[in-house]
Amino acid sequence: MAKNRLIFTLLMQDSDYMLSRNFSLQTVGDLNWIKEHYHFDTIAFSIDELIVLNVNREEKDIERFSRNLIELNKNCFMPIAAGGGIRRIEDAYALLNAGADKIVINSAVINQPELVVSLVKTFGSQCVVASIDYKMAGDNIEVFISDGSHPTGLSVNEVIETTQKLGCGEIYLTSMDKDGTGEGLDLELIRQITDIVKVPLIASGGVGKYGHFAEGVLKSKAEAVSTANLFNFIEDGLKEARLTMQEQGIEMASWDFGFHNIICKGNAI
C-alpha cells in the first residue's frame with residue numbers, strides 16, 4: 001500500500017518566489033531568501049516531494065525557468081515535479097534535464113491533448129502530473145486554465161476523466177477559492193471525486209496549519225496534500241507538520257531527523 005505524502009509547492013515568477021491568494025500573486029523573495037529560510041538539505045527529510053511551478057503571467061520562458069530550477073536543485077535531495085508553460089516536448093526535456101523528476105501540465109490537458117499523449121508515451125505516465133485548478137463560477141464549479149485566467153466551461157469531473165484517458169499518472173487539484181486563505185482544504189469536493197480518481201491525487205489550496213494536512217488524508221482520502229504557504233511552514237514548520245500527521249496514524253515514510261541534522265550540519269545551501 002502506497003504511503004501518504006506531504007508536498008511543498010514553490011511558485012516562481014521570473015527569478016522570484018511568490019505568495020498566492022486566490023491566484024493573485026505577491027513577491028516574497030529570490031533564491032537567496034529561499035536559501036535563508038528553507039534549508040533544502042534539512043526539509044528533504046520533512047517532505048516527500050517538492051513541486052515548482054512557473055507562474056509568470058506573461059510569456060513563460062522555459063530556458064530561464066530551467067536555469068532557476070538548476071540553481072534551486074543544488075543540494076536538494078528530494079523528488080521534484082516542475083511545470084508551467086510546457087507547450088512542446090522539448091520544454092519537458094528542458095525541465096527534466098534541469099533536475100525535475102516529473103513534469104506538471106495544466107493548459108495542455110485542454111488545449112493540446114495530443115501533446116499530453118506524446119509526453120506520456122515518451123516519459124511514462126508516472127512522470128506526467130495533471131494540474132487542475134477550479135473555482136465557483138456563478139452556481140457551478142468550473143475548471144480554469146492559463147494560471148486561472150481562462151474558464152474552460154468544464155467541471156472537475158470532466159477534466160479528471162480527460163486526464164485519465166490521456167494517461168496522466170497523477171492529479172494535482174487546487175481550489176482557487178481556498179488558495180492562500182489558510183482556511184483548510186475543499187474537503188467536500190475532494191471527497192466527491194475520490195471515487196472517480198484512479199491515480200494518486202494531490203490536494204492543494206487552503207492549507208494553513210498542521211491539522212489541515214491530516215484532514216486532507218483522513219477526511220477526503222487524498223493520497224497527498226500540498227501547501228504553497230511560505231510563511232506558515234517556515235524553519236521547522238514542515239518537520240512539525242509531518243510529525244503531526246504521523247501522530248494521527250497516517251502511514252508515511254519515516255525520517256531520522258536527529259541523524260540527518262548531524263550529517264547535514266553546516267552544509268545547508
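A residue is called buried when its relative accessible area is under 20%, exposed when it is over 50%, and partly exposed in between, as computed with a 1.4 Å probe on protein chains only. The model is a predicted one, in which local features need pLDDT of at least 70 and side-chain atom pairs count only at pLDDT 80 or more, whereas totals for chains, interfaces and linings use all residues. Residues are numbered from 1 along each chain as its sequence is written, and side-chain values use heavy atoms, with hydrogens and water left out. Helices (H or I, at least four residues) and strands (E, at least two) are DSSP runs, numbered from the N terminus.

In helix α7, which spans residues 156-166, the buried residues are Val 156, Val 159, Ile 160, Thr 163 and Leu 166. Because these residues cover an arc of only 130° around the axis, they lie on the same side of α7; the arc is that of the directions from the helix axis to the C-beta atoms. Contact means heavy atoms within 4.5 Å, and what covers the buried residues of α7 includes α5 (107-111), α6 (113-123), β7 (128-137), β8 (140-145), β10 (170-175) and α8 (187-193). Glu 161 also lies in α7, but at 41% relative accessibility this residue counts as partly exposed. The C-alpha atoms of Glu 161 and Glu 58 are separated by 29 Å, with the two residues 103 apart along the chain. Just after α7 comes Gly 167, which takes a positive phi of about 100°.

Helix α4 can be read in the same manner. Its buried residues are Ile 89, Asp 91, Ala 92 and Leu 95, and because they cover an arc of only 155° around the axis, they are placed on the same side of α4. These buried residues pack against α3, β5 (80-83), β6 (102-105) and α6. Gly 99 follows α4 and has a positive phi, near 120°.

How do the axes of α3 and α4 cross, and at roughly what angle? Axes are lines fitted to C-alpha atoms, for helices over the stretch in contact, and angles run from 0 to 180 degrees between N-to-C directions. The axes of α3 (residues 62-73) and α4 (residues 89-97) come within 9 Å and cross at roughly 15°, which means that α3 is roughly parallel to α4. Angles under 35 degrees count as roughly parallel, over 145 as roughly antiparallel, 65 to 115 as roughly perpendicular, and the rest as oblique. In the contact itself, Ile 62, Phe 65, Ser 66 and Leu 69 of α3 meet Asp 91, Ala 94 and Leu 95 of α4.

A second pair is formed by α9 (residues 210-218) and α10 (residues 237-247), whose axes come within 8 Å and cross at roughly 45°, and these two helices are therefore oblique to each other. Here Tyr 210, Phe 213, Ala 214 and Val 217 in α9 meet Gly 237, Glu 240, Ala 241, Thr 244 and Met 245 in α10.

Finally, the loop between β8 and β9 (150-151) holds Ser 146, and Asp 147 is found in the loop between β8 and β9 as well. Most residues other than glycine have a negative phi. Ser 146, however, has a positive phi near 55°, and Asp 147 has a positive phi near 60°. At 30% relative accessibility, Ser 146 counts as partly exposed.
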